[in-house]
Amino acid sequence: MYNENNEIIEWYFDIARSIGKENNIPYEDDLYLDILVTSNGEIILLDEDELKEAYERLEITKEEYDEAYKIANDLMQKVKGNEEKLKQFTDNYLNDMLKE
């Protein structure tokens, strides 16, 4: 997310098993957890309560529950200390969009 001056506010990641298109319609197989990375590098894991509730309602299996945490933890480890690389990566996409 950028502000009106094209300065990064935060990054928001949905943890998903898969994303894609089916019959030309986009879909996301959401695993409930989300990660927020602030512009100063703070990493926040969100929606653990939603994941737990989905598991308790038997909407996901124990394997899917564990997979959500594994994906989230892997991503948090990759982001930690690499905020500048993440900023450069997302700035490239922003610059491409601004050219259009």
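Good morning. Helix α2 lies across β1, β2 and β3, and runs at about 50 degrees to β2; axes here are lines fitted to C-alpha atoms, for helices over the stretch in contact, and angles run from 0 to 180 degrees between N-to-C directions. Contact means heavy atoms within 4.5 Å. The model is predicted, so local features need pLDDT of at least 70 and side-chain atom pairs count only at pLDDT 80 or more, while totals for chains, interfaces and linings use all residues. Residues are numbered from 1 along each chain as its sequence is written, and side-chain values use heavy atoms, with hydrogens and water left out.

Let me begin with the overall plan. The protein has three helices and three strands, in the order β-β-β-α-α-α from the N terminus. Helices (H or I, at least four residues) and strands (E, at least two) are DSSP runs, numbered from the N terminus.

I turn now to the sheet. Strands of a sheet pair through backbone hydrogen bonds, either parallel or antiparallel. In this protein, three strands form an open sheet in the order β1-β2-β3, with antiparallel pairing. β1 and β3 are the edge strands, each pairing on one side only. From one strand to the next, the twist averages 30 degrees. Two strands count as paired if DSSP finds at least two bridges between them; β2 and β3 are joined by four bridges. As an example, L36 has I44 in β3 as its bridge partner.

Next comes α2 itself. The helix covers residues 62-79, which is 18 residues, and reaches 26 Å from its first C-alpha to its last, close to the 26 Å expected at 1.5 Å a residue. That expected span is 1.5 Å times one less than the number of residues.

Which residues of α2 are buried? They are Y65, A68, Y69, A72, M76 and V79, where buried means under 20% relative accessible area, exposed over 50%, and partly exposed in between, with a 1.4 Å probe and protein chains only. Seen down the axis of α2, the buried residues fall within an arc of 95 degrees, so they line one face of the helix; the arc is that of the directions from the helix axis to the C-beta atoms. These buried residues pack against β1, β2, β3, α1 and α3. The face turned away from the buried side carries the exposed residues E63, K70, Q77 and K78. After α2 comes G81, with a positive phi near 80 degrees.

Finally, buried residues make up 27% of the 100 residues in the protein. Thank you.
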